[in-house]
Amino acid sequence: MSDEYVDVFTCVKCRNPRITKSARVVKNNAIIIGKCLKGHPFNLKLPMEQEHKWIGHLRDSVYKCRCGMPLEEHKIKVGKKKTQLVLKCTKHKQVTMIDTLLWNTISADREVQKTLEQGYKPEPYKVGKEPKKYEKDTAKTKKKETTEPRKWQPY
Ligand SMILES: [Zn+2]
Ligand SMILES: [Zn+2]
């Protein structure tokens, strides 16, 4: 993530994060509309040729609720041109419209992030957890085997 665009998602009036309500692509620019946490409206025009520089900030801005809580995906309707995201925090429901072009980049990004977090493994919940358990179990049984018989040795 580049810092060049970090400030565009910060309110100029109150320095609170800006929450994206809608994002669409018009010609070579992304037009992003929303409000900051305090309700100050904003309207951004970001060049598509630099998408990689600001898309991460846009994603953060999309997945943040107006109350400041992180949003979870509830329902995603991917259309040809527009994608509707229904997102929820613990208290609120937010509907965000985003250009499918932008959504494709964000969702691809999220997949990469997930893969990175999971350590490049296709089925991490199986590969990651089982060996650990197994190691613990063998460690326990090994200890028992080495300590207990000594106690009962007759000499
Ligand atoms: Zn503000
Ligand atoms: Zn909320």
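Strand β4 is hardly covered, for the count of buried residues among its seven residues is zero. A residue is called buried if 20 or more other C-beta atoms lie within 10 Å of its own, exposed if 12 or fewer do, and partly exposed in between, with C-beta atoms placed from the backbone. Strands (E, at least two residues) and helices (H or I, at least four) are DSSP runs, numbered from the N terminus.

The structure is a predicted model, in which local features need pLDDT of at least 70 and side-chain atom pairs count only at pLDDT 80 or more, while totals for chains, interfaces and linings use all residues. Residues are numbered from 1 along each chain as its sequence is written, and chains are lettered from A and ligands numbered from 1 in the order in which they are written.

The protein has four helices and six strands. From the N terminus on, these elements follow one another as β-β-β-α-β-β-β-α-α-α. Of the 155 residues of the protein, 19% count as buried.

The six strands form an open sheet with mixed pairing, in the order β3-β2-β1-β6-β5-β4. Its edge strands are β3 (41-47) and β4 (72-78), each of which pairs on one side only. From one strand to the next, the twist averages 20°. Two strands are said to pair if DSSP finds at least two bridges between them.

β4 and β5 pair in the antiparallel sense over six bridges, and they form a hairpin with three residues between them. In this pairing, the bridge partner of Glu 72 is Lys 88 in β5. Strand β5 (residues 82-88) also pairs with β6 in the antiparallel sense, over seven bridges, and a hairpin of four residues joins β5 to β6. Here Lys 82 stands opposite Asp 99 in β6, while Leu 85 has Thr 96 of β6 as its bridge partner. Strand β6 (residues 93-99) pairs with strand β1 (residues 18-26) in the parallel sense over two bridges. Ser 22 has Met 97 of β6 as its bridge partner.

Axes are lines fitted to C-alpha atoms, for helices over the stretch in contact, and angles run from 0 to 180 degrees between N-to-C directions.

In α1, the buried residues are Trp 54, Ile 55, His 57, Leu 58, Arg 59, Ser 61 and Val 62. What covers them includes β1, β2, β3, β5, β6 and α2. An α-helix has 3.6 residues a turn, so residues three or four places apart point the same way.

The axes of helix α1 (residues 51-62) and α2 come within 10 Å and cross at roughly 75°. The two helices α1 and α2 are therefore roughly perpendicular to each other. Angles of 65 to 115 degrees count as roughly perpendicular, those under 35 as roughly parallel, those over 145 as roughly antiparallel, and the rest as oblique. The contact is made by Glu 51, Ile 55, Leu 58 and Arg 59 of α1 and by Leu 102, Thr 105, Ile 106 and Asp 109 of α2. Two residues are in contact if their C-beta atoms, placed from the backbone, lie within 7 Å.

Is Thr 105 buried, partly exposed or exposed? Thr 105 counts as partly exposed because it has 17 C-beta neighbours inside 10 Å. Leaving aside its neighbours within four places in sequence, Thr 105 is in contact with Glu 51 and Ile 55. Thr 105 and Gly 56 are 49 residues apart in sequence, and 9.5 Å separates them in space, C-alpha to C-alpha.

The 18 residues of α2 should span 26 Å at 1.5 Å a residue, and its end C-alpha atoms are 25 Å apart, which agrees. The expected span of a helix is 1.5 Å times one less than its number of residues. Just after α2, Gly 119 takes a positive phi of about 75°.
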